[in-house]
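Look at the model from end to end before reading on. The paragraphs below start with the whole chain and then turn to single elements.

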Amino acid sequence: MLRERKQPARVMARAGLWSAYPARTRPLSRTARWLPPLIALAVLLVGWRLAADLAPGNVVADPVAVGERILHWVGSGIAWRYLAPTVGAAVLGSAVALVVALPLGYAVAHSRLLAAVAEPFIAFSQTVPLVAVAPLLVMWVGYGTVPIALLSAVIAFFPMVTTTIVGLRALDMRVIEHAWLDGANGWQRLRHVEAPIAAPAVLAGVRGGVVLSMTGAIVGEFVMGGQGLGTLLTIAREAADTTGVFAVVVLIALAAAGLAALLPFAERSSARRVEGITS
């Protein structure tokens, strides 16, 4: 009876559909890994085209027209002119959030007193709408890339600091105690024990923060002005250019996906180091 119950579970696990052991799941093969997202993309495009045909008026843009508009922008240089300021502000904001979030998360994970003081304020930082923060940044800093980057840092800060705290608190204390008994000082424990083991969780938060920083940059350009994709989106919206609005949204999604795609390399490297694989 037990063998009969296990057989369907094994079939689902081998097919990559479902596994009862999350920690033991393995990625699909290189070929099979690309097949599900390609199928999902095809289904999305077909659904988008059907929605464009069935929607009344000019509510939904034709995906073919959107693709042609993006190619035109790329070929004429418009895409790069508006893309660079937004991505630059998002990257700068992510860097600021990273510099603040990782040390603060490490300190909170090690200090119960600091955790009691800081954690309510960390949670409170996400309850204030970005649109409300933007005018304050304009008053304090002025206009330009810096306030937009700071707004991106505000939204990227929360996932980075929370995953750092969670990753460090999930460490096996026996490993820390063994390193302590072996004579490792605080820096050695951080470098050789805590950081490698907690790195997958920390880097997952960093990836989420980098993606969210694009949202902060767009909102900042809406409220504070700028020369990036938020400005291009405003121009298309005011001109009632539905195709242009959809094209800008696709560009924003592609830019965020491109930034996020750079981080899994660091995640895999940290995971291999934890597993003892050096080559």
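This is a predicted model. Of the 279 residues in the protein chain, 33% count as buried, a label that applies to residues under 20% relative accessible area. The accessible surface of the protein chain comes to about 17,300 Å², and carbon and sulfur atoms make up 68% of that surface.

Next, the secondary structure. The protein chain contains 12 helices and 0 strands, and reading along the sequence gives the pattern α-α-α-α-α-α-α-α-α-α-α-α. An α-helix has 3.6 residues a turn, so residues three or four places apart point the same way.

Helix H7 covers residues 145-169, which is 25 residues. From its first C-alpha to its last, H7 reaches 36 Å, close to the 36 Å expected at 1.5 Å a residue.

Helix H9 runs over residues 186-224. A straight helix of 39 residues would span 57 Å at 1.5 Å a residue, but H9 spans only 43 Å between its end C-alpha atoms. Where along H9 is there a kink? The kink lies at Ala 199, shortly before the proline Pro 200, and amounts to about 60°. After H9 comes Gly 225, with a positive phi near 80°.

Note on methods: Residues numbered from 1 in each chain as written. Predicted model: local features only at pLDDT ≥ 70, side-chain atom pairs only at ≥ 80, totals over all residues. Heavy atoms only, no water. Helix = DSSP H or I, 4+ residues; strand = E, 2+ residues; numbered from the N terminus. Expected span 1.5 Å × (residues − 1). Buried < 20%, exposed > 50% of the residue type's maximum accessible area, 1.4 Å probe, protein only. Areas by Shrake-Rupley, 256 points an atom, 1.4 Å probe, with all protein chains shown as cover. Bend = angle between axes of the 7 residues up to and from the residue.
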